[in-house]
Amino acid sequence: MKKVLTIAGSDSSGGAGVQADLKTFCAHKLYGMSVICAVTAQNTCGVTDVHNIPAVTVANQLDAVFTDIFPDAVKIGMVSVPENIRVIADKLTQYQAENIVLDPVMISTSGCRLMEPEAEQTLIDFLFPLAALITPNISEAEHLSGISIHSKEDMLSAAEKLSTMTNGAVLVKGGHLCGCADDLLYQNGKPHWYTGQRIETKNTHGTGCTLSSAIACGLANGLCLSDAVKNAKDYVAGALKDGLNLGKGCGPLNHLYQL
């Protein structure tokens, strides 16, 4: 069985973060492991508390995983503070981890900030260079690139700028773009567009976490990046279309809709 590790924060409501990642791994019939970087108190309406795990504990979790059940792919999600980012980069380098998918989680679906401002540059400096793929949404791509995105041409400009910050590829997710829901994979200086069908639902809590985890599953299974992205998009679309309706705010996807 292939193994996938998530390095992220816990979501007490189960729709995003580590919980969403583990459900996604399960749906793809892969063995999931987790390194918890933060514990959040959140639900479909918002985030009310964040407790960051000490860096030494994050390091010890990483050692425990990599010295026993070595992952075939790694997904990185919410990492809020610089000291945890540095220790993650050190450990991934030490163990020569491969197939790293980085979702630069900055703001939750409900609009709550999940990353300390001083951690942003640390993320760019230490983790972007290690990633095989980074997966910003429109607002994250705008913030990281400094380019306002209102069109597919703007998405391409932002992807080109972001590609200079990483040794891997860039997937700019167009789900928040007016007029279409196309995603752009920018790899080795070449754009590849994925046409997306906009699904009318407010229940999108954890969509970004789920997509990046599904891509990591594809890479763990030996798919090329473009196929891993396509399969992941199809999986997320199915989880949205299933129409799960839980909670009073932006509800979660049905990660196990195929079971």
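A cavity here is a set of grid points where a 1.4 Å probe fits but cannot get out.

Entry 1: I am working on a predicted model. I looked for cavities of 30 Å³ or more, and the count came to one. Which residues line the largest cavity? I listed T201, N203, A239, L240, G243, L244, P252, L253 and N254. By class, I noted five nonpolar and four polar residues in this lining, and no charged ones.

**Entry 2: cores.** I turned to the nonpolar cores. The largest has 47 residues. L5, I7, V74, I76, I88, L92 and L127 have the most contacts inside it. A second, separate core has 28 residues, including F25, V229, L240 and L253. I then checked I88: leaving out residues up to four places away in sequence, I88 touches I7, C37, V58, L62, I76, V79 and L127.

**Entry 3: salt bridges.** How many salt bridges are there? I counted seven. One of them joins D21 to K75, with the closest N and O atoms 3.0 Å apart. D21 sits in helix α1 and K75 in strand β4, so this pair ties together parts 54 residues apart in sequence. I found both D21 and K75 buried.

I next took D63 and K91, whose side chains meet at 3.0 Å, N to O. This pair links helix α2 with helix α3, 28 residues apart. K91 is buried, at a relative accessible area of 15%.

Last, I looked up D103 and K173, a salt bridge at 3.6 Å, N to O. D103 lies in the loop between β5 and α4, K173 in the loop between β7 and β8, 70 residues apart. I noted D103 and K173 as buried.

Methods
Residues numbered from 1 in each chain as written. Predicted model: local features only at pLDDT ≥ 70, side-chain atom pairs only at ≥ 80, totals over all residues. Heavy atoms only, no water. Core = buried A, V, L, I, M, F, W, Y, C linked by side-chain atoms within 4.5 Å. Buried < 20%, exposed > 50% of the residue type's maximum accessible area, 1.4 Å probe, protein only. Contact = heavy atoms within 4.5 Å. 1 Å grid on protein atoms, 1.4 Å probe; cavity = no way out; pocket = protein on both sides within 12 Å on 5 of 7 lines; lining within 4 Å. Points joined across faces, edges and corners; volume = space filled by probe spheres on them. Nonpolar A, V, L, I, M, F, W, Y, C, P; charged D, E, K, R; others polar. Salt bridge = Lys/Arg side-chain N within 4 Å of Asp/Glu carboxyl O. Helix = DSSP H or I, 4+ residues; strand = E, 2+ residues; numbered from the N terminus.
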